[in-house]
Amino acid sequence: MTTSSTRLPRVRASELAGRGWLNTGGKDVTLADLRGKVVVLDFWTFCCINCLHVLDELRELEERHRDVLVIIGVHSPKFVHEADPVAIAAAVERYEVHHPVLDDPELVTWQAYTARAWPTLVVVDPEGYVVAQMAGEGHAHAVEALVEELVAEHEAKGTLHRGSGPYVQPQPQPSTLRFPAKAVELPGGNLLVADAGHHALTELAADGETLVRRVGSGERGLVDGGPDEARFSEPNGLCLVPEELRERLGYDVLVADTVNHALRGVRLVDGHVTTVAGTGEQYMVGAVDNVRPADGSGAAPVESGVGDVWPARGVKLSSPWDVAWSPEAGTFVVAMAGNHTLWAFDAVAGTVTYLAGTMNEGLLDGAPGDSWFAQPSGLSVAADGRIWLADAETSAVRWVDPTDASVTTVVGTGLFDFGHRDGSADQALFQHPLGVAALPDGSVLVADTYNGALRRWTPGTDGAPGEVTTLATDLAEPSGLVLPAGDADHVLVVESAAHRLTRVPLPAGATGEHVDGGAHRTQRPVTEVPGGELTLDVVFTPAPGQKLDTRWGPSTSLRVSSTPPGLLLDGAGDDVDLTRTLRIDPAVGEGVLHVTARAASCDADESIEHPACHLAAQDWGVPVRVVDGAPDVLTLPLLG
């Protein structure tokens, strides 16, 4: 295991180069402008749930240290749509990014700092030297400890300058909706919208425009109560509670309150909001405190995986993005985007069940304990009971059998392939879809978010893969779909980036047209590796004042696989050591190494009775190419 010093050798930080800047009042920012401040570079892309988690982790840190700390977002896109400057500006506004953001569409600054994963954090000291690099989530405590150490050091040296930084707050325009996510039709015809940008639910009249009321104060937070005092944080999914359960449960609508990592129940008669699942904290894969022990002890409960059942208010959730009622299963299904799984919420019993997925990010069909998802973000239950889902990061449309939770993909190939291509479903491509709606005829509408399109999958016959067509284009990040009762000729599309609901006609037979906008592949620098032995070294050094946490067993874990599987002749699988020897097959030539690393640390002070635990975690997908004479060590900094 790597145990090198937290501080890297003194290396000058590279200049910040890109297409332009946001949140600076139109001014460019140079490293010279930042001299005297502690600088954290946050390499992110707005599709990435882990990046959004890091934005939330850094909010309080940013506010506490704003006079000495400058966070710079470096937006390095994965999808083609994310390179659109208008889309980037919208994302910065949507996610309330309160620091300067460098637009880096060609990944120039990304490469200069040798970033290999979203998200990556780089800490630069007040004299302009890189002092730490870390990938993944769970680093807020480590960053704060390092910031405090650097502030003390450079204040003593006289090289710290207190005062405001280059951030200039933009002025958003008022609107009825602000980055709405999804919507449902209420009894009586009104529409309830998850108004994510307003941190509230907004009820509109049946025309989709007239404001009826808001549920939620509009302030970000997790507060239960009446409509004026309740608080949400970027709510996304909505689902009507079955009529026969509403009186018993005391609420009519279930809400996926994404950034609060919670499910909330809303009573329509008076707008009262109640938290019904989640603790308000994020489930961290591999952490020992994800579930609150039923007996109140400090012992870590056993988590075995798919099939586990936990008290709904005693378990942490991870960015629930959508919810749907499954009559066959008799539960609500939850798209748990934050850890790439599906869960089930039994509202009557007050429990949640880990339904499907391994918590690995990717695309793999089959039994629930073997399947892989990648930010499942949209759900719809068909008349035949199938649970359809939009698997955003794999640009895939998939379905789950409600009887055994097995998973089948109808469109999509993996994390790095996307586009806008119609035709046979085995060749069709989407780009980061966030919504689906099952039609009565067995076909499925898809809110193809980053293509700005409404698409339709039609099942094939006699084992054929089916067909994909395009019904509408030029939509602004469609993220949700509503099929109005009594109107089979239209669909309501939630145009998130246009802050509105749009009624779109369904063509006769909803057949649509064929579009071929081309295929794309995520472009990232390829790492050259030798054929034969390759040492994989994941660097993790506990933050100042921390030590490796071995109270509940090994403090680290490492999982390695590859695409194609034959790329790795040896070294795949799980172990606890963060250093491993891999053997690369030169005959395969190229592919992607999938690396998942986790490390737990805790307070090193022996006098602390209950030391705080901090879990750092990251999934890397490293494109590699076999080249003779290439370096035989691949170093990935988890924290170092």
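**Reading helix packing and cores**

Guide: The crossing of helices H1 and H4 is right-handed in this predicted model.

Visitor: How is such a pair described?

Guide: Two packed helices are described by the angle between their axes and the distance between those axes. Here, the axes of H1 (residues 49-64) and H4 (residues 140-157) come within 9 Å and cross at roughly 20 degrees. Angles under 35 degrees count as roughly parallel, so H1 and H4 are roughly parallel to each other.

Visitor: Which residues of H1 and H4 make the contact?

Guide: From H1 they are Glu 57, Leu 61 and Arg 64, and from H4 they are Ala 140, Val 143 and Glu 144. Sorted by class, this contact of H1 with H4 has three nonpolar, no polar and three charged residues.

Visitor: How many residues does the largest nonpolar core have?

Guide: That core has 49 residues, and Val 123, Leu 536, Val 538, Leu 593 and Trp 620 have the most contacts inside it. H4 gives the most to this core, with seven residues. Another core, of 42 residues, lies apart from it and includes Leu 52, Ile 72, Ala 115 and Trp 118.

Visitor: Now a single residue. Is Thr 24 buried or exposed?

Guide: Buried means under 20% relative accessible area. Thr 24 has 4%, so Thr 24 is buried. Thr 24 sits in the loop between strand E2 (20-22) and strand E3 (38-44).

Visitor: What does Thr 24 touch, not counting residues up to four places away in sequence?

Guide: With those left out, Thr 24 touches Val 29, Pro 100, Pro 166 and Val 168.

Conventions. Residues numbered from 1 in each chain as written. Predicted model: local features only at pLDDT ≥ 70, side-chain atom pairs only at ≥ 80, totals over all residues. Heavy atoms only, no water. Axes fitted to C-alpha atoms, helices over the stretch in contact; angles between N-to-C directions. Helix = DSSP H or I, 4+ residues; strand = E, 2+ residues; numbered from the N terminus. Parallel < 35°, antiparallel > 145°, perpendicular 65-115°, else oblique. Left-handed = near helix turned anticlockwise from the far one by under 90°. Contact = heavy atoms within 4.5 Å. Nonpolar A, V, L, I, M, F, W, Y, C, P; charged D, E, K, R; others polar. Core = buried A, V, L, I, M, F, W, Y, C linked by side-chain atoms within 4.5 Å. Buried < 20%, exposed > 50% of the residue type's maximum accessible area, 1.4 Å probe, protein only.
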